[in-house]
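Visitor: I am new to reading protein structures. Could you take me through one, feature by feature?
Guide: Gladly. Have a look, then ask away.

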Amino acid sequence: MYQEIDLNKIDIHAEPPVEEPARQYYFMARCKEWVKDFEQKNGRLPSFCVTTFGCQMNARDSEKLRGILKEIGYVEEAEDKADFVIYNTCTVRENANTRVYGRLGQLKPLKKKNPHMMIGLCGCMMQEPEVVEKLKKSYRFVDIIFGTHNIYKFAELVATRLESERMVIDIWKNTDKIVENLPNQRKYSFKSGINIMFGCNNFCSYCIVPYVRGRERSRDPQAIIQEIRRLVADGVSEVMLLGQNVNSYGKTLNTPMTFAKLLREIEKIDGLLRIRFMTSHPKDLSDELIEVMGNSQKICKHLHLPVQSGSTDILAKMNRRYTKEQYLELVEKLRKAVPDISLTTDIIVGFPGETEADFEETLDVVRKVRYDSAFTFIYSKRTGTPAAVMENQVSEEVIKNRFDRLLREVQTIAAEACAVHEGTVQEVLVEDICSHDPKMVTGRLGNNLLVHFYGGQELIGQYVEVKLTECRGFYYIGEMAGKAS
Ligand code: 5AD
Ligand code: SF4
């Protein structure tokens with residue numbers, strides 16, 4: 001267990017161990033020495049800021065980076081004042097890359113002013129060779145560059161940079177390794193993401209993720225359960241199981257295990273109250289999983305089920321391996337087994353070759369399923385994916401028109417779907433002080449909707465009964481009706 005490691009007992013003058021995670025503990029101990037030295041010279045501890053772009057997987061990875069930095073003695077600080085700024089990047093759409101270059105441009109003058117400052121870049125964008133070439137050529141002021149496969153080596157990379165003053169670049173093309181038992185610093189004390197698998201084998205034709213996150217690897221179920229037990233002992237009551245395609249969990253294990261079986265095991269953990277997971281691929285969503293969801297007391301009645309398009313032709317070109325009809329049947333089955341389930345989705349507009357008729361099919365699915373919310377994306381060409389070289393790329397003007405129409409439809413339906421709970425009393429997990437009104441708190445319903453109501457700091461992390469008095473489109477205003485039983 002990481003908690004049992006005492007970094008002060010590690011001999012930092014010996015050769016580094018070869019085995020992981022012992023090797024990383026050794027480098028953490030070395031960094032800790034450096035931090036002590038920094039404190040003596042400067043009269044303060046060095047500071048850091050980790051900024052996350054992209055999905056929940058990246059958010060979880062950032063917690064691991066934060067955990068390591070805190071362990072070696074760094075303190076958290078705002079980006080414009082931090083000695084060490086790290087961008088954990090995303091590359092799923094081109095505009096994610098553009099944003100990182102823009103932010104890097106703003107860091108350059110800060111680094112000139114602060115001689116201690118270091119800049120680290122990691123995450124999906126770093127797995128693209130063109131990006132690293134560009135950084136090496138035009139962004140020489142970056143100190144550390146690493147990718148998605150070797151994030152567990154963060155302490156070693158930091159130590160190398162601190163002791164050498166040169167740009168450290170370490171990117172792996174792929175890995176079959178999963179290193180357990182490293183520190184991490186949770187954003188919330190009462191809820192946590194848990195990686196259950198890494199990578200993706202689906203190769204949807206528009207998507208860069210399989211190239212930057214590598215092949216699918218599932219964590220050992222015992223390691224997952226142990227991690228959740230530890231988190232629960234530390235105050236966590238809600239977990240979000242994370243993977244690019246959680247429905248294919250366990251297929252590559254030495255002793256294969258289904259995702260549904262893993263959920264059943266997790267459900268047994270005492271003290272754990274809410275279980276969420278994402279993302280589900282419709283092609284792998286089994287009857288067994290639907291049954292487990294229907295019978296569970298802890299699995300939240302919310303499923304994020306990306307449809308991407310409603311047109312069977314486009315779905316085939318996307319390599320999604322289901323038809324419009326199969327998707328709709330799946331939704332029907334889910335609604336039957338879990339009547340009050342909330343469904344959300346991802347939709348891409350303007351995939352190459354998408355005709356007006358194809359787009360109408362997407363609108364039709366939106367109207368039939370009536371999603372509680374949907375993330376809508378304009379297709380972004382990712383170099384190296386099969387779709388990037390497909391013919392009939394759709395013009396910007398047509399895409400814009402379809403995107404606006406889709407958004408209107410999605411928003412109208414989502415507002416209606418959200419409003420059905422008005423007047424009911426629901427159990428809510430309080431997450432934060434409301435960002436618009438400090439006298440209010442924000443809580444989350446099991447179905448993932450947010451509600452703001454009058455209450456104070458002491459409620460954070462608690463389950464309370466809230467009357468949903470007014471629906472405001474995508475969220476509620478409520479009144480606390482009592483503590484949950
Ligand atoms: N262009 C637009 N959207 C994309 N997504 C993935 N790749 C692309 C792309 N090239 C969307 C999908 C996926 C979500 C995480 O991002 O809808 O479900
Ligand atoms: Fe990308 Fe498809 Fe894998 Fe999701 S399932 S990460 S969209 S390739």
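Visitor: At what angle do helix H1 and helix H2 pack?
Guide: First, a caution: this is a predicted model. To read helix packing, take the angle and the spacing of the two axes. Here helix H1 (residues 22-42) and helix H2 (residues 56-72) pack at about 55°. Their axes are 8 Å apart.

Visitor: Are H1 and H2 oblique or roughly parallel to each other?
Guide: Angles under 35 degrees count as roughly parallel, and 65 to 115 as roughly perpendicular. The angle here is about 55°, so H1 and H2 are oblique to each other.

Visitor: Which residues make the contact?
Guide: Look at each helix in turn. H1 gives Met28, Cys31, Lys32 and Val35. H2 gives Ile68, Glu71 and Ile72. Next, sort them by class. The contact of H1 with H2 has 5 nonpolar residues, no polar ones and 2 charged ones.

Visitor: Let me stay with H1. What does the side chain of Arg23 make a polar contact with?
Guide: Arg23 lies in helix H1. Its partner is the side chain of Glu156, at 2.8 Å. Now widen the view. Leaving aside neighbours within four places in sequence, Arg23 is in contact with Pro16, Pro17, Val18 and Glu156.

Visitor: Which polar atoms lie 2.9 Å, 3.0 Å and 2.7 Å from ligand 1?
Guide: Take them one by one. An N or O atom in the side chain of Arg93 is 2.9 Å from an oxygen atom of ligand 1. A backbone N or O atom of Tyr206 is 3.0 Å from a nitrogen atom of the ligand. A polar backbone atom of Ser380 is 2.7 Å from a nitrogen atom of ligand 1.

Visitor: How much of the accessible area of ligand 1 does the protein cover?
Guide: Compare the ligand on its own with the ligand in place. Ligand 1 has 400 Å² on its own, and the protein covers 85% of that.

Visitor: What classes of residue make up the shell around ligand 2?
Guide: The shell divides into 7 nonpolar, 3 polar and 1 charged. Its residues include Cys200, Phe203, His281 and Arg320. Tyr206 is also among those around ligand 2.

Key:
Residues are numbered from 1 along each chain as its sequence is written. Chains are lettered from A and ligands numbered from 1 in the order in which they are written. This is a predicted model: local features need pLDDT of at least 70, side-chain atom pairs count only at pLDDT 80 or more; totals for chains, interfaces and linings use all residues. Side-chain values use heavy atoms; hydrogens and water are left out. A polar contact is a pair of N or O atoms within 3.5 Å; within protein, one must be able to donate a hydrogen and the other to accept it, and residues adjacent in sequence count only if both atoms are side-chain atoms. Accessible areas come from the Shrake-Rupley method with a 1.4 Å probe; for residues, only the protein chains shown count as cover. Axes are lines fitted to C-alpha atoms, for helices over the stretch in contact, and angles run from 0 to 180 degrees between N-to-C directions. Helices (H or I, at least four residues) and strands (E, at least two) are DSSP runs, numbered from the N terminus. Angles under 35 degrees count as roughly parallel, over 145 as roughly antiparallel, 65 to 115 as roughly perpendicular and the rest as oblique. Contact means heavy atoms within 4.5 Å. Ala, Val, Leu, Ile, Met, Phe, Trp, Tyr, Cys and Pro count as nonpolar, Asp, Glu, Lys and Arg as charged, and the others, Gly among them, as polar. A residue is near a molecule or strand if one of its heavy atoms lies within 4 Å of it.
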